[in-house]
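Work through the following exercises with the coordinates open, and try each task before reading its solution.

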Amino acid sequence: MPAPRESYDSTRHPDLLTWLTERQTGFEHWAHEAGGATLFDFSNASLDALEDLVSEAYTKTEEITQQRRTPFIQGAVWYVGEVLCRRKGWVWKFEPDFDTGEVPPFYGETEAPGLLDTPCVGTPEAGPGEHWYPLNTLRRLPELRGDVRGQRTSCCVRPHSR
């Protein structure tokens with residue numbers, strides 16, 4: 001039986017907290033492996049570099065979906081979300097299913113179509129459906145960049161200022 005939405009704190013899900021700790025403590029190693037520790041400084045240039053790395057490594061959305069539990073994609077998800085948290089004052093969350101209110105397995109063994117089982121970021125007071133899912137942003141890169149290879153898009157990863 002799922003916990004009622006009112007009693008569930010999406011910022012305190014135990015698997016989310018563990019994941020965040022793992023990403024934070026492994027950030028330097030991930031950054032070094034991904035392209036160099038100095039490259040990833042939470043700047044716009046670093047988001048552009050990450051977009052390039054993802055686009056070079058993956059040409060299809062399905063590839064990113066299949067690799068969503070790998071260290072590179074996990075680190076990229078954290079990095080994109082962390083930039084938004086640092087710049088906009090957003091927080092990490094793991095939201096229950098919008099329709100059922102059930103909390104899915106965190107990064108389940110297999111992806112269930114239509115089920116959001118990955119962390120998201122948003123304002124502390126954001127309600128259901130008002131969140132940004134970094135994995136979905138990464139998933140869009142191959143299709144958005146497919147027709148514009150070699151051109152800077154920056155529409156996907158870099159947060160827009162308001």
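**Exercise 1.** In this predicted model, determine which residues tyrosine 79 touches, not counting residues up to four places away in sequence.

*Solution.* Taking contact as heavy atoms within 4.5 Å, and leaving out residues up to four places away in sequence, one finds that tyrosine 79 touches Phe27, Trp30, Phe40, Asp41, Phe42, Ser43, Ser46, Leu47 and Leu50.

**Exercise 2.** Describe how helix 3 and helix 5 pack, giving the angle and the distance between their axes, and state which residues meet.

*Solution.* Begin with the geometry: helix 3 (residues 44-57) and helix 5 (residues 71-88) pack at an angle of about 155°, and their axes lie 11 Å apart. Since angles over 145 degrees count as roughly antiparallel, the two helices are therefore roughly antiparallel to each other. The crossing of helix 3 and helix 5 is left-handed. Next, list the contact: Asn44, Ser46, Leu47, Leu50, Leu53 and Val54 in helix 3 meet Phe72, Ala76, Tyr79, Val80, Val83 and Arg87 in helix 5. Sorted by type, the residues of this contact comprise 9 nonpolar, 2 polar and 1 charged.

**Exercise 3.** Identify which residues touch the most other members of the largest nonpolar core, and which element gives the largest share of that core.

*Solution.* The largest nonpolar core has 32 residues, of which Trp19, Trp30 and Tyr79 touch the most other members. Two or more residues each are given to this core by helix 1 (14-25), helix 2 (27-34), helix 3, helix 5 and helix 6 (134-145). The largest share, 9 residues, comes from helix 5.

Note on methods:
Residues are numbered from 1 along each chain as its sequence is written. This is a predicted model: local features need pLDDT of at least 70, side-chain atom pairs count only at pLDDT 80 or more; totals for chains, interfaces and linings use all residues. Side-chain values use heavy atoms; hydrogens and water are left out. Axes are lines fitted to C-alpha atoms, for helices over the stretch in contact, and angles run from 0 to 180 degrees between N-to-C directions. Helices (H or I, at least four residues) and strands (E, at least two) are DSSP runs, numbered from the N terminus. Angles under 35 degrees count as roughly parallel, over 145 as roughly antiparallel, 65 to 115 as roughly perpendicular and the rest as oblique. A crossing is left-handed if the near helix is turned anticlockwise from the far one by less than a right angle, and right-handed if clockwise. Ala, Val, Leu, Ile, Met, Phe, Trp, Tyr, Cys and Pro count as nonpolar, Asp, Glu, Lys and Arg as charged, and the others, Gly among them, as polar. A nonpolar core is a set of buried Ala, Val, Leu, Ile, Met, Phe, Trp, Tyr and Cys residues joined through side-chain atoms within 4.5 Å. Buried means under 20% relative accessible area, exposed over 50%, partly exposed in between (1.4 Å probe, protein chains only).
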